[in-house]
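This briefing covers strand pairing and aromatic contacts. The sequence and structure come first.

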Amino acid sequence: APHRPARRLSRQGQRMADLPAPAPAAPEKPSEIDFPRSGLATGDYVIEIDVTGDGGDAQALLAFRVTS
């Protein structure tokens, strides 16, 4: 089964928190990440997702902004 670590990063790329990213119930189903938004200050953030599996490695970055 693929390994899917996910992290919340600051705008500068500094690790802020690890995020749960369990494997889906079936291989054809999408993965879901539990992302608690409470306590996030106004600012820019990035979610970094790394996947390692039989087909190789992949990384995705998702930038987002929290506003007041």
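Phe 64 counts as partly exposed because its relative accessibility is 23% (buried means under 20% relative accessible area, exposed over 50%, partly exposed in between, with a 1.4 Å probe and protein chains only). The model is predicted, so local features need pLDDT of at least 70 and side-chain atom pairs count only at pLDDT 80 or more, while totals for chains, interfaces and linings use all residues. Residues are numbered from 1 along each chain as its sequence is written, and side-chain values use heavy atoms, with hydrogens and water left out.

**Aromatic pairs**

- The structure holds 2 aromatic pairs (ring centres of Phe, Tyr and Trp, the last by its six-membered ring, within 6.5 Å; planes under 30 degrees apart are stacked, over 60 edge-to-face, the rest tilted).
- Phe 35 and Phe 64 pair edge-to-face, at 5.4 Å centre to centre and 85° between the planes.
- Phe 35 sits in the loop between β2 and β3 and Phe 64 in strand β4, 29 residues apart (strands are DSSP E runs of at least two residues, numbered from the N terminus).
- Tyr 45 and Phe 64 are stacked, with 5.6 Å between centres and 25° between planes.
- Tyr 45 is buried, at a relative accessible area of 7%.

**Strand pairing**

- β3 (residues 43-53) and β4 (residues 56-66) run antiparallel, joined by 11 bridges (two strands pair if DSSP finds at least two bridges between them).
- A hairpin through 2 residues joins β3 to β4.
- β1 pairs with β3 in the antiparallel sense over 5 bridges, and Ser 10 stands opposite Tyr 45 in β3.

How values were computed. Helix = DSSP H or I, 4+ residues; strand = E, 2+ residues; numbered from the N terminus.
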